[in-house]
Amino acid sequence: MEKQLHLNLLASRPPMAGGFQSGSKMKMGPGRKRDFTPLLWSQYFETIEDVEVENENGKDIFRLYCSGSSGPVLLLLHGGGHSALSWAVFTAVISSRINCRVVAMDLRAHGDTKVKNPEDLSADTMAKDVGNVVEALYGENPPQIMMIGHSMGGAIAVHTASANLVPSLLGLCVIDVVEGTAMDALNSMQNFLRSRPKTFKSLENAIEWRCEESASNPSVSNSIGEGIIEEEEEEEGAEESNKKRMKEDDQEVKKESFYTWRVELSKTEKYWDGWFRGLSALFLSCSVPKLLLLAGVDRLDKDLTIGQMQGKFQMQVLPQCGHAVHEDAPEKVADALATFMVRHKFTEFKEGFLC
């Protein structure tokens, strides 16, 4: 029996004071093992909601993870190959800083969202999904919404905003996706996808692989989509490790039960160009206040460099982070976003929180 795996399984410990480093190695005493037991979504979110959207082929059902009861809505869009649970720790942190509501959405073909045509991952279709979910969720009078997207989700957020599909949009935050870097990295995407394990014998095994991959290269600088693109420098022995992994995969396939990837990203290649080409111009054309969070200043392309010098958006670089910035440094991302939103008077800091 084949079971589908959501790439973004929650790491096996809750947020801790002083920050949480996703994928960082826990300090253990002699003889103690790391714990890779999956955590429950309810440790980070308050409710789950499945939103139905009518279309010509029937109904699509989108999974949402929600928290908060007042304030503007933070609409969170995950990266390719991830799920809404990618935002779990960030949600817990941002909710402690500002008055807000959080809605993290499983995009089509990801997580627990179920659509009639999961093969269509075009930017236009996914942007319309976001608009349709907002309309189905809130009707004709949606609350004020701050849209935040990481990697592929950042690109979809820009497409959604530029098409005015969320009429109550307050602002836009894009995390570590820039057109120039993204387009340059497309050629290496398939190589990365081929290097990943095809199957996992258990959820714990999948989490262990994810943590080890993150810990081995915490400052990846040439990537645009964890789970889609992680253009990593190969370490010594990486080729032998991949061969061993492929052999283990082949053996695992023969067993009766195993876990495989929720979405076959290699089959979405025809959409990659459409996600990112022209993204910088679209981002700059959005009339709402904009925040760009990057893991490295080298990611900035020419159009964005000029736009940043002209003050068309706010940019902040968060060093010592991998591509999944909101997972590697959820407190830093939350601080940057909270400060941005309070500065623009979108919300207020919670009573007792010292910024």
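**A friendly first look at a predicted chain**

Residues are numbered from 1 along each chain as its sequence is written, and side-chain values use heavy atoms, with hydrogens and water left out.

Biologist: How many helices and strands does the chain have?

Modeller: Helices (H or I, at least four residues) and strands (E, at least two) are DSSP runs, numbered from the N terminus. Counted that way, the chain has twelve helices and eleven strands.

Biologist: How many disulfides does the structure hold?

Modeller: A disulfide is a pair of cysteine sulfur atoms within 2.5 Å. By that rule, the number of disulfides in the structure is zero.

Biologist: Is α1 oblique or roughly parallel to α12?

Modeller: Helix α1 (residues 88-95) packs with helix α12 (residues 330-343) at an angle of about 45°, their axes 9 Å apart. Axes are lines fitted to C-alpha atoms, for helices over the stretch in contact, and angles run from 0 to 180 degrees between N-to-C directions. Angles under 35 degrees count as roughly parallel, over 145 as roughly antiparallel, 65 to 115 as roughly perpendicular and the rest as oblique. That makes the arrangement of α1 to α12 oblique.

Biologist: How many charged residues are in the contact of α1 with α12?

Modeller: Contact means heavy atoms within 4.5 Å. Val 89, Phe 90, Val 93 and Ile 94 in α1 meet residues of α12 including Glu 331 and Leu 337. Ala, Val, Leu, Ile, Met, Phe, Trp, Tyr, Cys and Pro count as nonpolar, Asp, Glu, Lys and Arg as charged, and the others, Gly among them, as polar. The contact has nine nonpolar residues, no polar ones, and, for charged, one.

Biologist: Which residues of α8 make the contact with α3?

Modeller: Helix α3 (residues 152-162) and helix α8 (residues 269-276) have axes that come within 9 Å and cross at roughly 55°. They are therefore oblique to each other. Met 152, Ala 155, Ile 156 and His 159 of α3 make the contact with these residues of α8: Gly 274, Trp 275 and Phe 276.

Methods. This is a predicted model: local features need pLDDT of at least 70, side-chain atom pairs count only at pLDDT 80 or more; totals for chains, interfaces and linings use all residues.
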